[in-house]
Amino acid sequence: ALARALSALDATLALAGRTLTVGIVGGSISAGSGVNHPRLTFAGELTAGSERLRVVNRAVRATGSAFPSFCLEELLPEPVDVLVVEFATNDGHFGEAMRDRSLGAPSSGSSTMAAHDSAHDRGPRLGPSASMERLLRRVRLRWPSAEPLILYMCRPPRQPAAPPCEGLYSDVATAYHTRELSLAKAMGEA
């Protein structure tokens with residue numbers, strides 16, 4: 001589904017004589033961990049058969065959306081037209097436990113936890129929604145014309161070991177007018 005959408009955009013850009021630059025930030029799925037040939041990775045599949053599509057893959061294994069939300073400029077210094085963001089599987093592992101935590105917060109067993117989580121909280125929020133919101137804000141400020149796209153590459157929901165993933169960032173995506181694409185839904189598994 002993503003390749004079809006990008007190929008339609010690629011055809012439009014070909015008429016304009018322009019190359020489309022697609023940035024990718026994500027975890028091991030986007031990095032291509034476990035794949036034997038670069039052509040078979042997510043980035044390789046996107047560029048297959050396209051002369052006007054340039055993919056800059058800056059995915060880092062074992063990371064969540066908090067990582068690029070703090071260092072997007074260093075991670076991806078060049079401008080992009082589309083930024084594919086794929087962290088839902090990794091962020092889904094954090095779940096409710098990290099939703100309201102901030103950097104430097106005491107553990108939940110601490111007697112100062114309630115006071116720390118007050119309106120006077122001193123650290124940046126770490127939960128998946130807060131991290132994605134911070135990342136999308138940075139993207140919008142850095143590249144106002146870029147099109148961010150949140151990609152859900154989650155296990156089908158019928159697998160009990162799968163962390164909650166589908167729609168993890170929907171509230172943030174709506175607030176930032178960002179498209180979401182679910183691989184499971186595109187394949188009819190959701």
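I began with Glu78 and found the residue buried at a relative accessible area of 17%, where buried stands for under 20%, exposed for over 50% and partly exposed for what lies in between (1.4 Å probe, protein chains only). I noted that the model is predicted, that local features need pLDDT of at least 70 and side-chain atom pairs pLDDT 80 or more, while totals for chains, interfaces and linings use all residues. Residues are numbered from 1 along each chain as its sequence is written, and side-chain values use heavy atoms, with hydrogens and water left out.

I then looked up the partner of Glu78. Its side chain meets that of Arg58 in a salt bridge at 3.2 Å, N to O; the term requires a side-chain nitrogen of Lys or Arg within 4 Å of a carboxyl oxygen of Asp or Glu. I took helices (H or I, at least four residues) and strands (E, at least two) as DSSP runs, numbered from the N terminus. Arg58 is partly exposed, at 30% relative accessibility. I also recorded a network of salt bridges that links Arg54, Arg58 and Glu78.

Next I examined Glu73, whose salt bridge with Arg138 has its closest N and O atoms 2.5 Å apart. Because Glu73 belongs to helix α4 and Arg138 to helix α7 (residues 128–142), this pair ties together parts 65 residues apart in sequence. I listed Glu73 as partly exposed at 28% and Arg138 as partly exposed at 24%.

I turned to Glu147 and Arg179, which form a salt bridge at 3.7 Å, N to O. Glu147 is in strand β4 (residues 147–152) and Arg179 in strand β5 (residues 179–182), 32 residues apart. Glu147 is partly exposed at 29%, whereas Arg179 is exposed at 55%.

Finally I asked where β1 stands. In strand β1 (residues 20–26), 7 of the 7 residues are buried, so the strand is largely enclosed by the rest of the structure. I found Leu20, Val22, Ile24 and Gly26 buried on one side, and Thr21, Gly23 and Val25 buried on the other.

I checked the strand pairing, which needs at least two DSSP bridges between two strands. β1 runs parallel to β2, joined by 5 bridges, and pairs with β3 in the parallel sense, also over 5 bridges. Ile24 stands opposite Asn57 in β2 and has Val84 as its bridge partner in β3.
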